[in-house]
Amino acid sequence: MANLDLPGGVAYFLNQLSLLLFAPGSHFSLTSLGCALAIAVAFVAWQRHRHGRRIRPRAILRALFPRRILFSASNFIDLTYLVYHVFLGGLLFGWMVISYQFLTNGIIGALAAAFGPTAHTTLPAFVPRAVITVMLFLAYELGYWLNHYLSHRVPFLWEFHRVHHTATVLTPVTNFRVHPVYTFVFVNILAISTAIANGIGNYMFGETAYQYALSDTNIILVIFIHTYVHLQHTELWIPFSGTLGRVFMSPAHHQVHHSTNPAHFNKNMGSCLALWDWMFGTLYVPSKEPEKLSFGVDPDDQSVHTIAGAYLDPFVRAASLVRGALPKQTPAPPLQDAPKA
Ligand SMILES: [Zn+2]
Ligand SMILES: [Zn+2]
C-alpha cells in the first residue's frame, strides 16, 4: 500500500480496513465471518429439516437476515461503533496505562526473589509453548470476566457498559458496540491478568517460551472466533447444556446475558468460556428449547440509538452519578437496574 504513495490518512484507513478483514487474528476477519455464516446456514437448515420443513435458500436467507434487524436504529449505532473501533479506537482509549512487559518482568523478578532463579526447561519447545498458550488464554478469559463483572456491579462503570446493553437487536457487529471508557478499563485489566500468567509461565520455562498466535492473537481465541463467538451476537438460539454449558459460552448463553428478563440479569459474563461464571456463581445455562427473549435496557428509548446517546450520554450520566444528581427516574444501582443485560 505504501508503494501506491497514498496520502497518509487514506493509507492508514486502508491499512486498518485490511487488518480488520484479512488479519488471521482479527475479531472481524472475513474467514471468521465466513465460518460463522456456514455454521448459521447449517443450523437453520437442520432446524427446518427437524421440523419437517423444506430447506429453501430464500427461507434460510430470510431467517438469517431479517429486515427487522437489518434496518433497525440499533444496528445503525453498532455500525458507527465498528467504524470508530477500526479507525479511531487505537488512537483514543485503546492504550494501556499499565505496561504489560513491565509487569511481566516484575512478576518474574518477584518469583525469582522468592523461589530462586528462573528455570531452564529441558522439555521439547512445543510443551512450554502449549502450556503458555493455554495459560494466556485462561488469563484473557479471566480478565474479560472480571472487567465485565465490575462493569455490571459498579454503577459508574455500568453507565459506560450500558451502551452495549442498549442494543435491541443482536448481530455480529453488536460486538463492537462498546464505549471507549469500557475498552480503556478492559485493556488495563487484561494487561494485568495476562502479565501475571506470562510472568509465571516465563519463570517456569524460561523467557524464550511464548504463545502460539496468529497476528498476535492467541491461537485458542482465534479458534473460538472462527466457531461460535460471532454467533453470540445473533438471535439464533444455539445452546450448550450439561457439562458443555458449564465450560463454554454458547450463543444462547450470551443472548441470555442481553435479556430483559430479571432472572437473567448479571449472568454469563464470560467471553468464550462459561468456566469462570460457573466458578464465581454467575452462570445461567440456557435451556435446550428456545427461550423467548427481548433485548435492550430500555427498549422504548430511541435516544440510545443516536450518536449523542451512544457516545456522550454515558459521560453525562456517569458525571451525574458522581455528583449524586442522577435524575430520580434513572434506574440507579446496577444491582436492580443496570443488570438488564
Ligand atoms: Zn453482548
Ligand atoms: Zn454485560
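Analyst: A residue is called buried under 20% relative accessible area, exposed over 50% and partly exposed in between (1.4 Å probe, protein chains only). This is a predicted model, in which local features need pLDDT of at least 70 and side-chain atom pairs pLDDT 80 or more, while totals for chains, interfaces and linings use all residues. Residues are numbered from 1 along each chain, chains are lettered from A and ligands numbered from 1 in the order written, and side-chain values use heavy atoms, without hydrogens and water.

User: Which protein donors does the zinc ion (ligand 2) have?

Analyst: Donors are N, O and S atoms within 2.8 Å of the metal (3.2 Å for Na, K and Ca); water is not among the atoms, so sites may look incomplete. Here the NE2 atoms of H148, H152, H161, H165 and H257 lie 2.1 to 2.2 Å from the zinc ion (ligand 2). Along the chain, their spacing is H-x3-H-x8-H-x3-H-x91-H.

User: Where do H161 and H165 lie?

Analyst: Helices are DSSP runs (H or I, at least four residues), numbered from the N terminus. Both residues belong to helix α8 (residues 155-165), four residues apart, about one turn. H161 counts as buried because its relative accessibility is 2%; H165 is buried at 0%.

User: What coordinates the zinc ion (ligand 1)?

Analyst: H164, H233, H254 and H258 coordinate the zinc ion (ligand 1) through NE2, at 2.0 to 2.1 Å. The spacing of these donors is H-x68-H-x20-H-x3-H. H233 lies in the loop between α11 (229-232) and α12 (242-247) and H254 in helix α13 (residues 251-257), so this pair ties together parts 21 residues apart in sequence. Both H233 and H254 are buried.

Terms used: Helices (H or I, at least four residues) and strands (E, at least two) are DSSP runs, numbered from the N terminus.
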